[in-house]
Amino acid sequence: MTIKKKLHSILLVSTALILFLTLISSVASAFPVTCNVVSTNYEYEGWPNEQYLLINLLGQKYVPLLVDNDPIWKSHVNKLAKLVLDSRDMYTFRTGDSLDLGQGYAIEAREVNVDSKNMVLLEFTKDGVLIDDELFEIVAPRNYYPEIDGQRTWEVKLDDIQGEDDVVVLKVQVKQVFGGAVGSIIYIQGVWLIDYANVKVFQNGDKFEGFKLINIINGLDASNLGSLIFESSEIRLTQNGIKANEPAIYDDKVVWSDNTEGLGIIHLYNLTTGKDIKIGFSSASHPAIYDNKIVWLDNSSGNLNLNVYDVHTSTSSHITKNVTRESIPSIYGSRIVWRSNGNFYMSDISTSIQTQITNGSNYFSYPDIYGDRIVYKDYRVNDLYIYMYNISTHTETMITNSGNHNAKIYGDSPKIYGDKIIWTDDYFGNDDLWMYDLVTNEKTHITEGFNFGRYYEIYGDRIVRINDIGNGGYLYLYNISTSSDTRMTSSRSAQGNPAIYGDRIVWEDEGIYMCDLSPAANAPIAAFTANVTSGTAPLVVLFTDTSTGEAPTSWYWHFGDGINSKKAMNATHTFTNPGNYTIGLTVENAAGNSTVTKPGYIVVIDPNAPVANFNSNVTEGYAPLTVQFNDFSQKVASRIWDFNNDGKADSGDINPVYVYANPRTYTVNLTVSNENGTNSKTTAINVLTPSRSSGGSSGGSSGGSSHSSGGNAGGSPEPARNVEVKELSQVFITNGNPVKFNFPKNATAIVYLSFDSKKTVGKTTTIVEMLKTKSTLTPDSPEGEVYNYLNIWVGNSGYATEKNIENSVVCFMVEKSWMQDKGIDKPSITLNRYSDKKWNELPTTLLREDDKYLYFTAQTPGFSPFAITGKTIVEEAGTEIQPESDTKDVKNNGSSTIDVEQDPEKERNTSMPDFEIVYGVLGLLGIFWYNRR
């Protein structure tokens, strides 16, 4: 026991000494990398006198943000958007198609009619959201290549790109747009695009691919456009003079073999705590680590074995069977694989079961394991091949074959991570690096001229390797996603055995070094929102921190009324006095602080001041448009209406009516006053140009203002206030194929709708709206008890007609509980469609039922407002149970009147003299019959 305590004390003192020496001797061996901004010609020759700026950022192409028309040396060197596309290729597509530009960007074409001219509307979208559009006229088709006189450059400039306005983000050369028999054909040659939605903003100290930014040099003139200077920090984990090698890493744990005195001592270094402890004391080599299990080849007892060490319990175990000097282990989970006497073995340390994988291998190779897959190379059929063994299925697969360049394998062993296998071969005279994807079954030539071919490792989409060029090796990082290759180190004499886990890379160089690729901590960027920004005093406001960047650790709120709040991430404050308040927030973390101020952000109103509020019966329609306005303001002594935003008072009535004669968008302003102040509210009225089909309007939209003949994304003329909920569905429509729009969310009563399309219209959106009351597009209600009022809009108006579609079916569902409550007769359930100025019952069939719903299908010639109705069950006496009347008294509010006009035909029928004569005769006959009895 005494000896153990002494050894333990010596070990602690030694560990502390090593840690101290490590801390004082760890060095950052850095070399600068300068990335210059250069002026670059577009790939498309049609822009010969135009150029753009480019910076090669460690193997990746980025474009500094430049405000249009500014001198090129005024670009923002620290605000970089990745170059998505710079192409001079010819692209051809039709209306209804979408041209994928990459990174979620696309150009979509829609055929429209503008001022009786056939046009194509090109839409620039990001992840399906419209960013910008441009109209191009359709010309007659030609029998030869697109004419130069039809070409036109479409340039998209956007504002607020990381605080910069008027930034060119897209250039497209539209060569020609031809009218065709089935949609117009668009020819594009020349596309330039930057990823403006993901701009990188750099400041000194930031890291990119393991390099730290140390200097930002802004442009001075046309010959000096600016630069970014990075340095690579190589952190030494071992002290000077220590000859450590063969590092391996998992999470924050690094293991290596220390051969300073030829002993072969295994070290475990914790990156979080900085502790370095010995876990193997002599004759140890080739360590590997997974989670808290470490394995290495051990000869400390004079007998070769694989030593397994548990970090949690600090205990060891041994694998002695089938272990030789060539047994370099690889570990994943509880499984360890190695080579011995020309065969490959696996041991599961959780069960102590050992398995022989191959039988009679003929070449030296070191296997690698990931999950239930083992990869290795073997000499068979007079050649070298890469093989993979599946532990679960007990099957072996040949990865390489003689029909490919990468058949002869003269490099070192293959490596595997996930679905990717990498290896080297010198078919071309150098150790070239190759990759095989188990999902796509594709082989990729990663690098050429790769020396030191046995030194490489893979993790995720990153491959690290040592490349021996000249007098020393360099550490390189290859990014599979971006196909970029970056040198990470300066020249050294003896680099090797790189390993990678997450953002950390370790390697040997007469010691152990590490590079951390994770971004450096940045100061947060302050931002906030409020649940309300105006109201009457006392006003209670909840402020929510929405800061971006690195997370803040402290907050300081300025409420503008002399009261401040510290430490609260989100703050609630009560404003007791009327006024306008400027709100500020300062956020801070270890990297720095940031402040945002919003002047006049909170407006507190005197509780006795007036509050302006109004609505209108319509907000859009064809000229001449008659609009009824209704004032709902509070505490009003006087009011002024300005219907056309000309600054002149148009009315002082409570509920005035105004007629808009000319098409355009008008701003309506209501200003109300009393002795405590004034208040205003505005809204917009959109007056449309009458078309042939509209016939004008005096009360609102007649069914939509779109004039596109394609499918695509339609709109709804239904006022939003009458829409309870809506559900959208989108499909790509082609000629002659059945179309089905499914609505799986069950937000409305519609399950699906289907039809056969007679034309190709491309990506098309269908909108189903469940309404609060009957549609404002219908003057009355259908007969019967109404279950649901609905609108169905398929594509743009003008598409879903009998000319373009056929065999249209709507599937809908009705709750059984509603039928029971209302006493509805099941066969009476009907889908009604409003068309030709009346409600029309559609042929409806019961499809199926479950515990909660009945499902019906109905045939319809088109899509518009709908209503699902049913009739009450007739009683035995023959009297039908009638629903309660919806008729209500209409009271005059003093400002407008409603006249209810009687049907003259009904009035005439109930007062005819002939009716009274017949009634009298029937009465006499009844008396006569009674007396005879």
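This is a short tour of a predicted model, stop by stop.

Local features here need pLDDT of at least 70 and side-chain atom pairs pLDDT 80 or more, while totals for chains, interfaces and linings use all residues. Residues are numbered from 1 along each chain as its sequence is written, and side-chain values use heavy atoms, with hydrogens and water left out.

**The whole chain**

The chain has 933 residues, of which 45% count as buried (under 20% relative accessible area; exposed is over 50% and partly exposed in between, with a 1.4 Å probe and protein chains only). Switch to a surface view: the accessible surface comes to about 47,200 Å², and 48% of that belongs to carbon and sulfur atoms. This area comes from the Shrake-Rupley method with a 1.4 Å probe. Contact means heavy atoms within 4.5 Å. Among contacts between residues at least 6 apart in sequence, 52% join residues at least 24 apart.

**Asn78**

Select Asn78, in strand 4 (residues 76-94). With a relative accessibility of 19%, Asn78 counts as buried. Neighbours within four places in sequence aside, Asn78 is in contact with Lys200, Val201, Phe202 and Ile216.

**Aromatic pairs**

Next, show the side chains of Phe, Tyr and Trp. Rings (for Trp, the six-membered one) pair if their centres lie within 6.5 Å; planes under 30 degrees apart count as stacked, over 60 as edge-to-face and the rest as tilted. A search of the whole structure finds 45 aromatic pairs. Zoom in on Tyr52 and Trp192: the ring centres are 5.3 Å apart and the planes stand at 55°, so this pair is tilted. Tyr52 belongs to strand 2 (residues 51-57) and Trp192 to strand 11 (residues 185-194), so the pair ties together parts that are 140 residues apart in sequence. Both Tyr52 and Trp192 are buried.

Move to Phe755 and Phe863. Their ring centres lie 6.2 Å apart with the planes at 55°, so this pair is tilted. Phe755 is in strand 61 (residues 750-757) and Phe863 in the loop between strand 68 and strand 69 (865-870), so parts 108 residues apart in sequence are tied together. Phe755 and Phe863 are both buried.

For a cluster, select Tyr250, Tyr290, Tyr332, Tyr370, Tyr417, Tyr459 and Tyr501, which form one aromatic cluster.

Return to the cartoon. Five strands form an open antiparallel sheet in the order 60-61-64-68-67; two strands pair if DSSP finds at least two bridges between them. At the edges are strand 60 (738-742) and strand 67 (844-849), each pairing on one side only. Within the sheet, strand 64 (residues 805-815) and strand 68 (residues 853-859) pair in the antiparallel sense over seven bridges. Find Glu815, which stands opposite Tyr853 in strand 68.

**Ser729**

The last stop is Ser729, in strand 59 (residues 723-733). Ser729 is buried, with a relative accessible area of 11%. Phe741 is twelve residues from Ser729 in sequence, and 5.8 Å separate the two in space, C-alpha to C-alpha. Apart from neighbours within four places in sequence, Ser729 is in contact with Phe741, Asn742, Phe743, Thr764, Thr765 and Thr766. Finally, look at Asn742: its backbone oxygen lies 3.1 Å from a polar atom of the Ser729 side chain.

Technical notes. Helix = DSSP H or I, 4+ residues; strand = E, 2+ residues; numbered from the N terminus. Polar contact = N/O pair within 3.5 Å; in protein donor to acceptor, adjacent residues only side chain to side chain.
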